[in-house]
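Visitor: I would like to go through this model and ask what stands behind each label.
Guide: Go ahead; each answer will set a value against its cut-off where one is needed.

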Amino acid sequence: MLDASDSYVTEDGRTIGGVVMEMKNITLRFGGVVAIKDISFDIRQGEIRAIIGPNGAGKSSMLNVISGFYNPQEGQVFYKGKLRPSMRPYQVARQGIARTFQNIALFEGMTVLDNIMTGRLHHSKANLFEQAFWKGRAEREEVANREVVEKIIDFLEIQTIRKTPVGRLPYGLKKRVELARALAAEPSILLLDEPMAGMNVEEKEDMSRFILDVNDEFGTTIALIEHDMGVVMDLSDRVVVMDYGKKIGDGTPDEVRNNQDVIDAYLGVAHD
Ligand SMILES: Nc1ncnc2c1ncn2[C@@H]1O[C@H](COP(=O)(O)OP(=O)(O)OP(=O)(O)O)[C@@H](O)[C@H]1O
Ligand SMILES: [Mg+2]
């Protein structure tokens, strides 16, 4: 068994660090619906952590608890070794955690570039007064923001569509632009809610490659929800399995694949 502070090297040579986020006995209710029931698990620095399970299992709710967007009624979240208090939306954005959504949430009428720039908003310190009367700081920030965004556009190979309104893009590219916007925040933890849902095989391969490259080149810790088991088994270091709000499995892809509870609840049945 690994200790919380231990690190190890994966078969493909990546270093996974100690625990960066720990969920302890999390319970989340919406009125009478218990979306998450007494779940504990952790996320290690630099790992790709998958959350899987049937529809309605509570996966997206769990991502919202990790991001700090939902405050669970019971349990605690420890982030970088400290108990994390309830947060306001702007605090959620500033803690170094960025995400993409199950349903694409981009500004369809805006260009790819402008959409990605919105990922930098919370990095701007210059206020409206400064922007109007003292241009220096605002201008310097604009230049720095552009540099980060240009690097991401290159990285995700979307130079040719930078001026295209997002509404005109095919689905697979919209998902890539959403990833770009999340990366623009330079997150240390990236949360992806079904980044490959609705994609064809080729689009899935591209997205898998980009997720691996982000993890490898930027050292970004990634938690993702995904239904395609081939993708999950290929990408992730460890997998949490949820069913009806409960955790029914947790371990390496191989451990999870051979877990009878997981096979009975999820892997044995057809799903999208
Ligand atoms: N904002 C909300 N208000 C009320 N109930 C909610 C809300 N969000 C989720 N739920 C309920 O909580 C349960 C878990 O939903 P959640 O979206 O987290 O599941 P999921 O595993 O992401 O499912 P899917 O695979 O369909 O995306 C469901 O019963 C859902 O109806
Ligand atoms: Mg969901």
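Visitor: Are R238 and E47 buried or exposed?
Guide: In this predicted model, R238 and E47 are both buried.

Visitor: What makes R238 and E47 a salt bridge?
Guide: Their closest N and O atoms are 2.8 Å apart. The cut-off is a Lys or Arg side-chain nitrogen within 4 Å of a carboxyl oxygen of Asp or Glu, so the pair qualifies. The two residues belong to distant parts of the chain, with R238 in strand β11 and E47 in the loop between β4 and β5, 191 residues apart. Side chains of opposite charge can pair when their charged atoms come close.

Visitor: Which residues are linked with R238 and E47 in a network of salt bridges?
Guide: The network also takes in D42, R49, K247 and D250. Over the whole structure, the search finds 18 salt bridges.

Visitor: Why does the pair K174 and E108 count as a salt bridge?
Guide: The N to O distance between their side chains is 3.4 Å, and the limit is 4 Å, so the pair counts. K174 is in helix α6 and E108 in the loop between β8 and α3, so the bridge ties together parts 66 residues apart in sequence.

Visitor: Why is K174 called buried, and why is E108 called partly exposed?
Guide: K174 has a relative accessible area of 13%, which is under 20%, so K174 is buried. E108 has 37%, which falls between 20% and 50%, so E108 is partly exposed.

Visitor: Which strands pair with β5 in the parallel sense?
Guide: One is β10, over four bridges, with I222 as the bridge partner of I48. Another is β11, also over four bridges, where V240 stands opposite I51.

Visitor: What makes β3 and β4 a pair of strands?
Guide: They share eight bridges in the antiparallel sense, and at least two are required, so they count as paired. V19 stands opposite R44 in β4. The hairpin has two residues between the strands, and G31 takes a positive phi near 55 degrees there. β3 also pairs with β6 in the antiparallel sense, over five bridges, with M23 opposite V77.

Visitor: Why is L183 called buried?
Guide: Its relative accessibility is 5%, under the 20% cut-off, so L183 is buried. L183 is in helix α6. Beyond residues up to four places away in sequence, L183 touches I152, L156, L190 and V214. L183 and I97 are 86 residues apart in sequence, with their C-alpha atoms 9.8 Å apart.

Visitor: What volume does the largest pocket have, and which residues are closest to its centre?
Guide: The volume is about 750 Å³. Of the 28 lining residues, Y8, D237, R238, G251 and T252 are the closest to the centre. Helix α9 gives the most to the lining, with four residues. By class, the lining has 10 nonpolar, four polar and 14 charged residues.

Visitor: How many residues line the second largest pocket, and how do they divide by class?
Guide: That pocket holds about 640 Å³ and has 21 lining residues, with A93, A98, R99, F101 and R181 nearest its centre. Its lining divides into 14 nonpolar, five polar and two charged residues. The elements giving two or more residues to that lining are α1, α2, β8 and α6.

Terms used
Residues are numbered from 1 along each chain as its sequence is written. Chains are lettered from A and ligands numbered from 1 in the order in which they are written. This is a predicted model: local features need pLDDT of at least 70, side-chain atom pairs count only at pLDDT 80 or more; totals for chains, interfaces and linings use all residues. Side-chain values use heavy atoms; hydrogens and water are left out. Buried means under 20% relative accessible area, exposed over 50%, partly exposed in between (1.4 Å probe, protein chains only). Contact means heavy atoms within 4.5 Å. On a 1 Å grid over the protein atoms alone, a cavity is a set of points where a 1.4 Å probe fits but cannot get out, and a pocket is an open set with protein on both sides within 12 Å along at least five of seven lines; lining residues have an atom within 4 Å of a point. Grid points are joined across faces, edges and corners, and a volume is the space filled by probe spheres set on the points. Ala, Val, Leu, Ile, Met, Phe, Trp, Tyr, Cys and Pro count as nonpolar, Asp, Glu, Lys and Arg as charged, and the others, Gly among them, as polar.
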